[in-house]
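Reader: I am new to this structure. Please take me through one part of it closely, the surroundings of the ligand, and then show me what lies beyond.

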Amino acid sequence: MRSIAIINQKGGVGKTTTAVNLSAALARAGRRVGLIDIDPQAHASLHLGLNPQSNVPTVYDLLTGDTRVSELWQRAGSSPTPTSSTPTSSTPTALTSTAPTPNNPTEDNLLVAASHIDLAAAEVELAGVVGREVILRDKLAEAANQFDYVLIDCPPSLGILTINALAAVDDVFLPLQPHFLALHGLSKLLKTIGLVNERLNDRLQLAGVVLCLYESGTKLAAEVSHDVEQFFREARKGGRAWSAVRLFETRIRRNIRLAEAPSFGQSIFQYAATSPGAEDYRALGGEVLAYYAGRALLEHAAA
Ligand code: ADP
Ligand code: MG
């Protein structure tokens with residue numbers, strides 16, 4: 001199983017959009033994918049049509065109670081219209097249910113562990129708990145053979161929730177928006193990855209950077225892409241947890257369909273299969289699969 005945390009302590013850079021649509025792309029390529037929403041805002045859960053009012057346990061119960069991860073998985077829900085207020089139309093299909101999932105026959109192998117607003121209190125509730133940084137890691141262990149890929153959509157902070165994600169995964173993907181402040185704050189993020197690598201999880205590495213909300217054809221986007229490459233070329237030299245980082249070639253262009261899809265509770269492939277957004281996330285999915293295939297060869301050769 002490959003495990004990936006999508007992190008950036010800045011909001012609005014494309015974490016959730018990438019977590020959801022990359023998960024969907026990998027699922028459509030036939031992989032078994034688990035998406036864990038560890039952001040109290042529950043944007044990824046909502047994006048895939050999961051109703052936070054459902055009685056299926058959430059990541060909150062996982063981190064603060066005796067709940068096992070196997071109790072959390074849900075298939076992406078039916079697709080409520082944005083104005084719809086009928087709760088039945090957005091009731092998620094629990095994994096244990098035998099109900100069909102007519103709206104997403106080809107994303108059946110994508111399961112979601114939903115978030116809940118209560119997760120916002122986890123920081124305080126877990127304050128006195130011994131080993132609070134590794135709860136997710138320990139609980140996720142039982143799912144290792146169930147999935148080919150597990151992705152975690154993180155909140156815009158470097159608190160206990162993001163630390164739980166970093167302690168649980170092998171790889172970090174970092175979405176960046178080509179913006180003149182894109183690199184601002186990155187050293188704090190790298191430092192956090194480095195500390196978690198040293199103290200909690202020695203497999204952790206920053207594997208990839210994804211440029212999101214890309215305005216193709218603009219001078220700014222080209223300049224920032226260049227700066228990002230330069231920054232990581234320098235950063236690679238230290239032999240640290242980010243020394244093997246790559247900038248994925250796929251650029252996720254700014255595309256209104258990507259911003260519309262969440263209100264329909266659908267991945268971009270369900271909502272607008274032929275849009276540039278779908279095209280870009282399909283390409284990113286292909287690039288990610290090729291990247292891991294390459295790594296598997298190297299790991300095999302080294303073993
Ligand atoms: P984060 O999870 O980092 O806060 P989001 O993925 O939620 O960021 O993206 C922030 C906002 O930008 C959302 O409204 C989302 O729908 C929109 N968005 C993300 N990526 C794109 C894109 N490539 N094109 C257009 N809108 C996008
Ligand atoms: Mg988000």
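Author: Contact here means heavy atoms within 4.5 Å. With residues up to four places away in sequence left out, Ile38 touches Val59, Leu63, Leu119, Leu136, Ile152, Asp153, Cys154, Pro155, Leu161 and Asn164. This is a predicted model, where local features need pLDDT of at least 70, side-chain atom pairs count only at pLDDT 80 or more, and totals for chains, interfaces and linings use all residues. Residues are numbered from 1 along each chain as its sequence is written, chains are lettered from A and ligands numbered from 1 in the order in which they are written, and side-chain values use heavy atoms, without hydrogens and water.

Now the ligand. A residue counts as near it if one of its heavy atoms lies within 4 Å. Ligand 1 has 14 residues around it, and Gly12, Thr16, Thr17, Arg253 and Asn255 come nearest. By class, this shell holds 5 nonpolar, 6 polar and 3 charged residues. Helix 1 (15-28), strand 9 (246-253) and helix 9 (256-260) each supply at least two of the shell residues. Helix 1 gives the most, with 3. Helices (H or I, at least four residues) and strands (E, at least two) are DSSP runs, numbered from the N terminus.

Backbone N or O atoms reach the ligand too. One of Gly12 lies 2.7 Å from an oxygen atom of ligand 1. One of Arg253 lies 2.9 Å from a nitrogen atom of ligand 1. For Asn255, the distance to a nitrogen atom of ligand 1 is 2.8 Å. The protein covers 79% of the 550 Å² of accessible area that ligand 1 has on its own; such areas come from the Shrake-Rupley method with a 1.4 Å probe.

Ser267 sits in the loop between helix 9 and helix 10 (268-271). Ser267 is buried, at 0% relative accessible area. Buried means under 20%, exposed over 50%, and partly exposed in between (1.4 Å probe, protein chains only). Leaving aside neighbours within four places in sequence, Ser267 is in contact with Asn21, Ala24, His47, Leu48, Glu107 and Ala261.

Last, the cores. A nonpolar core is a set of buried Ala, Val, Leu, Ile, Met, Phe, Trp, Tyr and Cys residues joined through side-chain atoms within 4.5 Å. The largest has 54 residues; Ile36, Ile38, Ile152, Leu206 and Phe232 touch the most other members. Helix 6 (residues 160-168) gives this core its largest share, 6 residues. Apart from it lies another core of 37 residues, including Ile4, Ala24, Val112 and Phe269.

Notes. Polar contact = N/O pair within 3.5 Å; in protein donor to acceptor, adjacent residues only side chain to side chain. Nonpolar A, V, L, I, M, F, W, Y, C, P; charged D, E, K, R; others polar.
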